[in-house]
Amino acid sequence: MPHAHLDLDKPTGDSVKTTTCYMCACRCGIRVHLKDGRVRYIDGNPNHPVNRGVICAKGSAGIMQHYSPARLSKPLLRVGERGKGEFREVEWDEALALATEWLGDIRNRNPDELAFFTGRDQSQALTGWWAQQFGTINYAAHGGFCSVNMAAAGMYTFGGSFWEFGEPDWPLTQYLMLWGVAEDHDSNPIKLGLGALKKRGAKIVVVNPVRTGYGAIADEWVAINPGTDGLLAGALIHELLRTDRVDLDYLVRYTNAHHLVIRAPGAADDGLVARDGGGNPLCAVHARDCRPGEGRGPAPFFSDVASEKLDPGLRRDDAVEIVDAARADISPLIVGEYTLADGRKAVPAFHLFAERYLADEYTPERAAETCGVAADTIRRLARELAETAFDHAITVPQRWTDTHGREHAEMRGRPVSMHAMRGIAAHANGFHTCRTLHLLQMLLGAIDTPGSFRYQPPYPKPAPPGNKPGKARKPNGALDAGPLGYVQSPDDLLVDANGEPRRIDKAFSWEYPFAAHGMLQSVIRNAWAGDPGRIDTLFLFMANMGWNSAMDTTATRQMLVDRDATTGEYKIPHIIYADAYSSETVAFADLVLPDTTYLERHDCISLLDRPISDADAAADAIRQPIMQPDRDVRPFQDVLLDLGARLHLPGLVDDAGHAKYPRGYAQYIVEHERTPGVGLLAGWRGADGSGDGIGAPNPAQLARYVEHGCFWHREVPAAGRYFKMANRDYLEWAKSLGFAGSTAPITMQFYAETLQRFRLAAQGHGAMQPPERDRARVERFFDPLPFWYASLADDDAHDAYPLNAITQRPMFMYHAWGAQNRWLRQIASQNALYIHPDTARGANIADGDWIWLSSTRGRIRVQARTHAATAPGTVWTWNAIGKRKGAWKLAPDAPEFLDGFLLNHLIDEQLPRDAYGIERANADPVTGQAAWFDLRVRIERDEASQEPGHRVEVAPA
């Protein structure tokens, strides 16, 4: 077809505005081209640090997200039965007055009767603060069912995390391992990085049950069985220990691997780190190595025993001293048993670690039986990691000063990087799996060194960070701290005098102590069951709990409409839902508050929330309104601030009771301070806008951001770019910008003493102890050294349902949002179940057949597609493409309704009853992370296999 008159020299629109994309969690910079007041074109901002002008299909399709027919246009009040989608339109004054009445009654009676749970990219810095001012402990965010395993494991281990708190050293790494990395989240930065690696010949290894996207371009695909990543990582550790390929110098400089751990089974201090009278951790050294001026490194002791079972006895030919482990002039011993001054016995943490991973259960042969990766492959991968890290170590000719004041002429690095995401997090063993990966990185000396995984500012933080979840209310009704955080000991749990959970989702209880993001997936079931109590109002924002965000979709929808048999009232009396689109959850709301699209409002991508920094710079950003809404909708942030003022919440009204932020979220972004001088945005602070990081509010701050492409970017000093956990130059720079409270070194927790405190409580020590039903569970899973364990589902179900079932995130869609976008729907408007050809043949299933997929919950009818790039024991599908008929303003015969499906119907939200008769959440027992990918299924042939049609046949709730 000829294109002779395209007029390529003419501009796309009559004006161009910059803002930040909302189509996934990358938060790339974009340019929005407008013509006659309408969006004409969206492209990448070439000056933006996140994407450098690159844009993906999702970002380009933002036009159709903005002009979606599914946009809500007016506040709605339910008039029919809940779930029927029968509403009448109301004015904002009526809607807000009703919400204020419901919420005001709750706050006067008991603020915890409000469960406020928010979904994706949800301005958590605002919503969490608002919940704190309201006074409810029942607040949680999307991360609780997405990746809290990964976040908590990282923060408790090394003060950072995979995903948004760190990145591979893309310019310098020579060997990259991607573990379960989703393709829809951080796609543009990862694609840019992978392109650079491919160009210079670095090796890329993808560990995933399915080879798609990034795996398709990788040099090697390791087809692992779901949920066994931790076992594979443990086998790699076994091989590194066996062959004595460990960076011991790195371990004793930057971790607590050399700290002495008390060995006193049954005692109240068993497993705790030995400390002196000042609380300083202790280590053992040869007396001859304890001389001022000596470099800090390990004594040459491990190589003698690494290839054999460890001998706990001390070599008798040397005298030993017990000294402060933080001293810079010592060479610590890292194996052996030692006697403390008071007679107690202790061993270095590394000794315990080596005992565990040199055991037979972590040999490549044993691991291969379970994870599906050949023993020879495991040994080769370990060898390649070691060769790259140690035989091809790199140096950056940059002088730097450590926190002991010692100057170094260069930065020595291990060019091995690892990155992981939801594929390892969405399992009940995800916390320990992720910790295993981090300890593997530490063994290689590959955290924040040249060529390795790197922190992104404002990280690292202390491990774990000091912010604990709020427990009590102040006289003004506000919580004494934010509702989410990191518990340090059993004293920080949110439990009552009997040890029972206080939160509706049971986060921060003995059942899920480290639930740092809350447990969004459990709130509806627990509220329906009245366990541990009742709530009055469920307030949801952009959380599609009526469909793909529910583990057991059918049961959740039933619970939302279920009534109390004695009163006839709904078991969850009020549901307020805020969304921009008519998702499946809208039909279950009593009151719908319509949000704007991302092109119609201000947003803040804050260093206090989910930063967009890279390893070499701190960065934050805003969204600005590109146009005014053409519907009667309001930005949710504005609505939340308005509700807070109507409720007279602390911090939302002034001393006279007037709204503190009458101009809405834009005013809040500029004027709100968490501590004096520290606000949501770090750029252009101070009255004249000349400050960075810390400074008084600047009335022109948003204007400065708009002038600068809607982002702020400040480079880390060259001397501070690596070894951030112990780099004086970095820590002083971070403190000057307000996101580091101290310049003290951050010791990485190779041995997680915090977990041992919970284990001791389960063993009967301390004032705070778990109920009897939780003791064995806490003692098992709160091991201070990571370990691998299989799914928590019962073995009988394992035998009856022999296949693993998981979902993959399509790169071209993001959660549920993209599946209603008319451009993205052209890429995929229905999904299939992908099966390895051998698995299909064994079940007499041909490519294209319609089959039954069954689990303990029931069965669904789906179309099968054979796919050789799938591990034989796994079946999978694209997530969030299947829709509920009537939602999203799609046509009645839309393929998403007719042929698209969700695996969620088959996922049981609860585990089988335990010995105490308790049904616990199908979740990680450490963090409460939803175990989405622990699903076991079987496939069955349908005699009418050529007749299309999706059906769901599952048991009631």
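Two strands count as paired if DSSP finds at least two bridges between them. Helices (H or I, at least four residues) and strands (E, at least two) are DSSP runs, numbered from the N terminus. In this predicted model, seven strands form an open sheet with mixed pairing, in the order S5-S4-S25-S24-S23-S6-S7. Strand S5 (87-89) and strand S7 (139-140) are its edge strands, each pairing on one side only.

Within the sheet, strand S24 (residues 574-579) pairs with strand S25 (residues 591-594) in the parallel sense, over four bridges. Asp579 has Pro594 in S25 as its bridge partner. Helix H18 (residues 636-646) lies across S24, S25, strand S6 (114-118) and strand S23 (537-541), and runs at about 150° to S23. That angle is taken between N-to-C directions, from 0 to 180 degrees, with axes fitted to C-alpha atoms, for helices over the stretch in contact.

## Basis and confidence of the model

Residues are numbered from 1 along each chain as its sequence is written, and side-chain values use heavy atoms, with hydrogens and water left out. Because the model is predicted, local features need pLDDT of at least 70 and side-chain atom pairs count only at pLDDT 80 or more, while totals for chains, interfaces and linings use all residues.

The pLDDT (the predictor's confidence in each residue, from 0 to 100) has a mean of 93 over the chain, and 96% of the residues reach 70 or more. For residues 291-295 the pLDDT is below 50, and this stretch has ten contacts (heavy atoms within 4.5 Å) beyond near neighbours in sequence. Residues 303-317 are also below 50, with 27 such contacts in the model.

Strand S9 (residues 175-179) is largely enclosed by the rest of the structure, because five of its five residues are buried. Buried means under 20% relative accessible area, exposed over 50%, and partly exposed in between (1.4 Å probe, protein chains only). Tyr175, Met177 and Trp179 cover one side of S9, and Leu176 and Leu178 the other.

S9 runs parallel to strand S10 (residues 203-207), joined by five bridges, and Tyr175 stands opposite Lys203. With helix H7 (residues 187-200), S9 and S10 make a right-handed β-α-β unit. Right-handed here means that, with the strands pointing away from the viewer, the path from the first strand over the helix to the second runs clockwise. S9 is also joined by five bridges to strand S21 (residues 416-420), again in parallel, and Met177 has Met418 as its bridge partner there.

## Salt bridges

A salt bridge is a side-chain nitrogen of Lys or Arg within 4 Å of a carboxyl oxygen of Asp or Glu. By this rule there are 68. One of them joins Arg275 and Glu753, with the closest N and O atoms 3.0 Å apart. Arg275 is in the loop between strand S12 (260-262) and strand S13 (282-286), and Glu753 is in helix H22 (residues 753-762), 478 residues apart. Arg275 is partly exposed at 36% relative accessibility, whereas Glu753 is buried at 6%.

Asp616 and Arg454 meet in another salt bridge (2.6 Å, N to O). Asp616 lies in the loop between strand S26 (603-605) and strand S27 (617-623) and Arg454 in strand S22 (residues 453-455), so the pair ties together parts that are 162 residues apart in sequence. A network of salt bridges links Glu500, Lys506, Glu511, Asp531, Arg773, Asp774, Asp914 and Arg920.
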